Amino acid sequence: MRRPVALRLYAALAATALAAAAGAVVTTPSASAAVTGSATGFASQNGGTTGGAGGQTVRATTGTAIHQALCNRASASTPITIEVEGTINHGNTAQVSGPSCNTAAGVIELKQISNVTIVGVGSGAVFDQLGIHVRESSNIIIQNVTVRNVKKSGSPTSNGGDAIGMEKNVRNVWVDHATLEASGGEDEGFDGLFDLKDNTQYVTLSYSTLRNSGRGGLIGSSDTELSNGYVTFHHNLYENIDSRAPLLRGGTAHIYNNYYVKLNKSGINSRAGARAKVDNNYFKDSQDVLGTFYTTAAGYWQVAGNVFDNVTWSSPSSDTNPAGPDVKSTTTVVIPYSYALDAASCVPDIVTRTAGANKGLQVSNGNCTPQTPSSSPTAPTPTPSSSTPTSTPTQPGGTNLSIGAGADGSSKATGTSYGNVVDGDLATYWSPTGSTGSVSVKWSTPTTVAAIAVREAAGSAGTIGSWRVLNADTGAVLASGTGAGTIAVPRTSLKKVTFEITGSTGTPKVAEFETYAG
């Protein structure tokens with residue numbers, strides 16, 4: 001049953017829009033340093049998120065000009081930084097065609113592209129009633145922008161009602177110092193402010209403001225759509241939100257140093273097996289700020305250092321499992337990156353001073369003091385591909401524990417088998433249905449693993465790009481990198497280990513997934 005939205009708006013949002021239907025694209029000859037700081041959280045993993053670093057810089061004042069900048073690149077992966085100033089709206093956002101883009105009118109479409117930065121500059125960038133849609137794309141930075149009043153019903157509509165939406169095989173997105181706001185809930189035609197679905201991973205939302213909406217955002221479109229995760233939320237202000245702050249369906253999330261004010265119905269909703277690490281947040285004047293809500297599909301959380309200031313809790317029921325009032329951890333979540341925690345007591349101050357667009361792009365130094373970071377993203381150093389097959393990487397010592405073990409994984413290509421990676425035969429192989437996928441080795445009893453060797457089939461050496469090794473028992477990331485070969489992992493006792501391919505230059509073919517105790 002759809003739940004009604006009851007919002008108490010602080011102030012009416014201005015509906016000002018610039019009527020310019022055409023905008024300038026001004027090219028800057030040198031690479032831009034417009035983006036401040038570097039990606040944090042899970043967006044710093046899986047090879048990192050650098051956006052358009054190292055590429056051309058252009059200035060755009062309309063949505064059409066943004067699309068033109070994308071379409072004028074040499075290829076869909078040519079790095080570019082687009083500096084945006086002014087109000088972007090339906091009247092100045094047209095579809096543009098070209099071999100390096102796939103755009104649509106009435107929405108900023110980042111579709112089937114990579115290595116792009118969109119950053120607000122000058123007097124600011126406002127996307128008015130017009131959303132930003134990231135689809136089948138990777139390595140994207142969105143910084144210092146305001147997106148407001150995006151509708152899924154009524155007029156005009158854009159992006160399914162999401163301020164920023166990501167879907168279908170999205171990797172490595174960093175959204176920083178953004179202001180995402182609506183002026184009501186579903187009954188008024190709005191949907192989520194920050195939605196991730198259909199295999200979206202390695203995303204960070206930092207130093208942003210989300211306010212005056214029925215729905216803050218979600219990870220996963222349903223309780224059976226569990227392909228999303230590895231998302232970090234830190235130093236964000238959630239203000240006057242009814243629910244979904246965020247809603248987690250499966251996957252792993254790290255939620256720290258956020259300031260929550262007036263969560264009217266529920267807040268962090270961990271469900272369908274999701275695992276959230278919730279550290280040093282400040283919750284104020286809110287209800288049911290953490291738990292599993294509106295479902296019987298349980299989620300889990302690890303908590304530490306949070307402040308609950310005038311928070312009320314519902315009584316448990318068949319579809320309501322609040323974490324409080326006696327909030328305790330129900331799981332353990334391993335975070336693979338370093339981070340500095342501000343004390344929860346100072347979170348209201350530091351977040352109020354830094355979160356949102358046009359705040360000077362300041363961040364906390366870990367001691368509750370704002371500062372302007374001096375570093376900017378740098379383009380990653382290309383990894384040379386070998387023209388010589390490398391089907392025989394250096395083998396770790398000892399017995400290959402995969403021989404005779406079980407195997408499974410994500411969808412496999414026709415004519416291949418999971419079992420081919422544990423049969424000791426380099427002539428057989430497993431392939432995913434596309435360029436990414438995962439394959440696992442499993443045992444009936446805990447087995448100690450300290451190294452693996454991934455062997456590609458003859459003729460496909462060098463196809464595998466970025467990857468991760470996961471402890472499939474807990475979801476912990478044991479290692480990440482690029483290129484097949486021998487991989488050292490922390491000595492771990494587990495029943496199942498997964499090799500996840502997150503990027504490749506073609507169709508991967510894994511002939512053997514070998515595991516070793518030393």
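Are Cys71 and Cys101 buried or exposed?

Modeller: Cys71 and Cys101 are each buried, where buried means under 20% relative accessible area, exposed means over 50%, and partly exposed lies in between, with a 1.4 Å probe and protein chains only. The model is a predicted one, in which local features need pLDDT of at least 70, side-chain atom pairs count only at pLDDT 80 or more, and totals for chains, interfaces and linings use all residues. Residues are numbered from 1 along each chain as its sequence is written, and side-chain values use heavy atoms, with hydrogens and water left out.

The two residues are joined to each other by a disulfide, with 1.8 Å from S to S; the term denotes a pair of cysteine sulfur atoms within 2.5 Å. In general, such a link is a covalent bond between the sulfur atoms of two cysteines. Because the torsion about the S-S bond of Cys71 and Cys101 is about 95°, this disulfide is right-handed. It links distant parts of the chain, the two residues being 30 apart: Cys71 belongs to helix 1, residues 63-71, while Cys101 sits in the loop between strand 3 (80-88) and strand 4 (108-111). Helices (H or I, at least four residues) and strands (E, at least two) are DSSP runs numbered from the N terminus.

The helix that carries Cys71 is itself mostly covered, with eight of its nine residues buried. Gly63, Thr64, Ala65, Ile66, His67, Ala69, Leu70 and Cys71 are the buried residues of helix 1.

The count of disulfides comes to two. The other one joins Cys346 to Cys368, with 1.7 Å between the sulfur atoms. About its S-S bond the angle is -60°, and this link is left-handed. The pair again connects distant parts of the chain, 22 residues apart: Cys346 lies in the loop between strand 26 (320-322) and helix 2 (347-354), and Cys368 lies in the loop between strand 27 (363-364) and strand 28 (370-371). Cys346 and Cys368 are likewise buried. With the bonded cysteines numbered in sequence order, the pairing reads 1-2, 3-4.

The loop that holds Cys346 also holds Pro325, which is placed between strand 26 and helix 2. A cis peptide bond, with omega about 15°, joins Gly324 to Pro325. Another cis bond joins Ala245 and Pro246, with omega about -5°; this proline is in the loop between strand 16 (237-243) and strand 17 (247-249).

Ala245 and Pro246 are among the residues that Ile268 touches, as are Leu248, Ile255, Tyr260 and Phe293, residues up to four places away in sequence not being counted. A contact means heavy atoms within 4.5 Å. Ile268 stands in strand 20, residues 268-271, and counts as buried because its relative accessible area is 0%. From Ile268 to Ile255 there are 13 residues in sequence and 9.1 Å in space, C-alpha to C-alpha.

These parts belong to a protein chain with two helices and 34 strands. Of its 518 residues, 57% are buried. Among its contacts between residues at least 6 apart in sequence, 73% join residues at least 24 apart.

Two residues other than glycine have a positive phi. One is Asn139, with phi near 55°, placed in strand 7, residues 138-143; its relative accessibility is 10%, so it counts as buried. Lys168, with a phi of about 65°, is in the loop between strand 9 (164-167) and strand 10 (170-176). At 30% relative accessibility, Lys168 counts as partly exposed.

A final point concerns confidence. The chain averages a pLDDT of 89, and 89% of the residues score at least 70; pLDDT is the predictor's confidence in each residue, from 0 to 100. Residues 1-22, however, have a pLDDT below 50, and this stretch has 57 contacts in the model beyond near neighbours in sequence. Over residues 28-33 the pLDDT also stays under 50, with eleven contacts beyond four places in sequence. Where pLDDT is low, the predicted coordinates should not be read in detail.
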